[in-house]
Amino acid sequence: MQLSTKYGFAFLCMPKCASTSIESALSRFCNIQYSGHPGLKHLNAKTFVDSILPVHRKLVPAAHMESICLMRDPLDWIESWYRYRHRDGLRNPNHPNHLNSTWNMSYDEFIAEYVAEGPRKPYANLGTQFRFLTLGDGQVGIDHIIPMNRIDLFEDFISEKLGERISIPSKNTSAKMNLSIEDPTLEFKLNKHFAQDIILYNFIKENEGFNKKLHSNEIFAALQFCS
C-alpha cells in the first residue's frame with residue numbers, strides 16, 4: 001500500500017494486478033509506503049479502513065484522502081496465480097515457498113483445490129478480489145476501483161492528483177500459458193465461487209470504474225442476488 005498525504009490518495013495493491021509496476025511509478029510521490037512483506041504490501045480494504053485511515057484522520061485531519069485500487073477479470077486473476085506459482089524457482093524443494101508450487105499439477109487440479117471446501121493446500125490457499133475490496137458486510141471499502149485492462153483510467157486519476165502526467169511501466173509479468181478448465185463441473189464451481197467478483201468486475205468494466213459516492217447503493221443491491 002502506498003499513501004500520499006500531500007496529494008491525497010492511497011493506492012491499495014491488489015495481488016496480481018500490476019502492483020509492482022504501479023509501486024515503481026508512484027514511489028517518489030508517496031511519503032508512506034508499506035512494501036516488501038506481502039502482508040504489508042497487500043493491505044486490504046478492511047485493514048485500511050479500520051486501522052490506517054483512522055490514524056491518518058487523527059494526525060492529518062485537514063487532508064482529504066481517496067483510496068484507489070485495480071481489479072482484474074476474476075478468471076484471468078486466478079489463472080495468473082497458477083502461472084506465477086508455476087515458475088521454475090518454486091520447483092526447488094529448498095525454496096521457502098516451495099509448497100506453493102503448481103509445477104507438478106494441471107490447471108484443473110489447481111482449481112479443484114482452490115474451490116474445495118475446508119482447509120486448502122498452500123498452493124491454492126487464496127482469497128478473492130471481492131474479499132480484498134469489501135469490508136465484510138457486503139459494502140465496498142474503496143473509493144475508486146479501476147478495471148486492470150483500463151490502466152489508462154488509473155493513470156488519468158493519479159495524474160490529476162499529482163498535477164503531472166505519469167505512465168505505468170510493465171514489470172514482474174508471469175510467463176504466458178494457454179490455460180483452460182477441462183472439467184465442466186469445475187468450471188461451474190469456479191464461477192459460483194467468483195459470483196460476487198464477477199458482478200463487481202462486470203459493473204466496473206461497464207461503467208469504466210467504480211466510484212463509491214456514485215455507485216455504492218447500486219452495486220450493493222446487485223450483490224444481494226449472491227447472498
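This report walks through the sheet, the core, the pockets and a few loop residues of a predicted model.

Residues are numbered from 1 along each chain as its sequence is written, and side-chain values use heavy atoms, with hydrogens and water left out. Because the model is predicted, local features need pLDDT of at least 70 and side-chain atom pairs count only at pLDDT 80 or more, while totals for chains, interfaces and linings use all residues.

## The sheet

Helices (H or I, at least four residues) and strands (E, at least two) are DSSP runs, numbered from the N terminus. Two strands pair if DSSP finds at least two bridges between them. Here 6 strands form an open sheet. Their order is β3-β1-β2-β4-β5-β6, and the pairing is mixed. At the edges stand β3 (32-33) and β6, each pairing on one side only.

Strand β1 (residues 2-4) runs antiparallel to strand β2 (residues 9-12), over 3 bridges. Within that pair, Gln2 stands opposite Phe11 in β2.

β5 has a partner on either hand. With β4 it pairs in the parallel sense over 4 bridges. Cys69 has Ile145 in β5 as its bridge partner. With strand β6 (residues 210-211), β5 pairs in the antiparallel sense over 2 bridges. There His144 stands opposite Asn211 in β6.

Which way do the side chains of strand β5 (residues 144-147) point? His144 and Ile146 point one way, and Ile145 and Pro147 the other. In a regular strand the side chains alternate between the two faces of the sheet. All four of these β5 residues are buried. Buried means under 20% relative accessible area, exposed over 50%, and partly exposed in between (1.4 Å probe, protein chains only).

## The core

A nonpolar core is a set of buried Ala, Val, Leu, Ile, Met, Phe, Trp, Tyr and Cys residues joined through side-chain atoms within 4.5 Å. The largest one holds 63 residues. Ile78, Phe110 and Phe154 touch the most other members. Helix α7 (residues 151-162) gives the most to this core, with 5 residues.

Take Phe154. Contact means heavy atoms within 4.5 Å. Leaving aside neighbours within four places in sequence, Phe154 is in contact with Phe11, Ile22, Leu26, Ile68, Leu70, Ile146 and Ile168. Ile146 belongs to the β5 residues described above.

## The pockets

Rolling a probe the size of a water molecule over the atoms shows where empty space is left. The search uses a 1 Å grid over the protein atoms alone. A pocket is an open set of points where a 1.4 Å probe fits, with protein on both sides within 12 Å along at least five of seven lines. Lining residues have an atom within 4 Å of a point. Grid points are joined across faces, edges and corners, and a volume is the space filled by probe spheres set on the points.

| Pocket | Volume | Lining |
|---|---|---|
| Largest pocket | About 1,100 Å³ | 42 residues |
| Second largest pocket | About 200 Å³ | 15 residues |

In the largest pocket, Pro15, Lys16, Ser19, His42 and Trp81 lie nearest the centre. α1 (19-26), α2 (38-41), α4 (74-84) and α6 (129-133) each supply at least two lining residues. α4 gives the most, with 5 residues. By class, the lining has 16 nonpolar, 17 polar and 9 charged residues. Ala, Val, Leu, Ile, Met, Phe, Trp, Tyr, Cys and Pro count as nonpolar, Asp, Glu, Lys and Arg as charged, and the others, Gly among them, as polar.

In the second largest pocket, Phe48, Leu53, Arg57, Met65 and Asp143 lie nearest the centre. Two or more lining residues come from each of α3 (45-59) and β4 (66-71). The largest share, 5 residues, comes from α3. This lining divides into 7 nonpolar, 4 polar and 4 charged residues.

## Loop residues

Most residues other than glycine have a negative phi, and most peptide bonds are trans. Lys16, in the loop between β2 and α1, has a positive phi near 65 degrees. Lys16 is buried, with a relative accessible area of 15%. Ala18 is found in the loop between β2 and α1, with a positive phi of about 60 degrees. Ala18 counts as partly exposed, at 23% relative accessibility.

Pro122 sits in the loop between α5 (107-114) and α6. Its relative accessible area is 39%, so Pro122 is partly exposed. Not counting residues up to four places away in sequence, Pro122 touches Arg85, Leu99 and Asn100. The C-alpha atoms of Pro122 and His98 are separated by 9.4 Å, though the two residues are 24 apart along the chain.
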